[in-house]
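Please look at the sequence and the structure side by side before reading on.

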Amino acid sequence: MPATGLPLEGVRVVEMTHMVMGPTCGMILAQLGAEVIKVEPPAGDKTRSLGGMGTAFFPLFNRGKRSVVLDFERAEDREFMHGLLATADVFLENFRDGQLEKQGLGAEELRRRHPHLIIAGHKGFLSGPYEHRPALDEVVQMMSGLAAMTGTKEKPQRVGSSANDIMGGMFGVISILAALYQKRAGATDGAKQGADIRIGLFENCLFLVAQHMVEYEMTGNKPRSMPEREHAWPIYDIFEAANENRIFIGVVTEGHWQSFCSEFGLQELLDDPTLRTTTDRIFARGRIIPRVAEEIRRWDVKELSARLDALNICFSPINRPEDLFDDPHVLRSGGLVNNVNANGAPFRVPALPIEWNGANLGEGLTVAPLGADTAAIRAELETDTQTTRAAGRRA
């Protein structure tokens, strides 16, 4: 069931972004009800034509937006852009510092001409020594230590998605919502004006690794990477099951330990007086895990999953992304939403991970062909201008 009465209905967002972080911000705002107008150059956003691992970038992160083509080499298009911004609540951009100034869209010019505007700049870094640098998701994962924590010291590994770009877009949404709330509350004269927001990709990644930084700050111990870490639970591992399948099992409470051992014929572990406490079992992982692995190899993953589910023990088969199109929870009503690409081809995508008054968001979104809405928005703006002029004459 599609959601109705969305919270950002009536909010207009003008977006000049590319790649993932900025477009993610606009895509989420659109699904929350905002009108998002994506301004592209005559050749279009370069991610429209990406292939390989970038194939999904444009359709995934630009669903639900209107497309306008403007050529900022033309004075009339630059002026049209300002006319569009005069009607907008939010302006999204992710250009290198100084680049928009060349097109008459620098921060000072925008603030002078559009003091009401909430400007959200998605950048590589927040203000500081690195603010001039470009950044990529993989770059900041290496800089922040996330790659070292995901892999090992010898072989750092990036996270297997554009996690920082996507999360950076989410922080853009959070800050924009805060600015809209402040503006509409009108608590002070300043609150009625716009806001200048800067979102940093690197700082986003720092936020992700803060738990490890603070661990070091508090203990003086260097955090160990995920593959090398000391386990906090006696059973928290990937196991080989029957038919060369694998499964992750996490036994994390005393009750889980009791029920797991009873269910899977591990009574000798329950009876062992040296395994009375969780701490005892953690120190005994060297002999517990091989015994558990021996038992798990006897089970088919499907039957094993059913038993673990009945015991309320955390588990998961080791899936690949393509496997999720067969997952019953993903396939529940509203779990996947049906969208349409710019070429008319349908595709399915996971809904936003929220429910709004019991409904899922994002059903029926389309990806606009390049410039599909240029003429319509020009006409709308001209009509609005004429209406304003007529009202002024009548006044």
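## About the model

This is a predicted model, in which local features need pLDDT of at least 70 and side-chain atom pairs count only at pLDDT 80 or more, while totals for chains, interfaces and linings use all residues. Residues are numbered from 1 along each chain as its sequence is written, and side-chain values use heavy atoms, with hydrogens and water left out.

## A covered strand

Strand S5 covers residues 118–123, where strands (E, at least two residues) and helices (H or I, at least four) are DSSP runs numbered from the N terminus. Six of its six residues are buried, a word that means under 20% relative accessible area, with exposed over 50% and partly exposed in between (1.4 Å probe, protein chains only).

In a regular strand the side chains alternate between the two faces of the sheet. Ile118, Ala120 and His122 point one way from S5, while Ile119, Gly121 and Lys123 point the other way.

## Partners of S5

Two strands pair if DSSP finds at least two bridges between them. Strand S4 (residues 90–93) pairs with S5 in the parallel sense over four bridges, and Val90 stands opposite Ile118. S5 also pairs in the parallel sense with strand S6 (residues 195–200), over six bridges, and Ile197 in S6 is the bridge partner of Ala120.

## Helix H5

Val139 lies in helix H5, which spans residues 137–144. Val139 counts as partly exposed because its relative accessibility is 32%.
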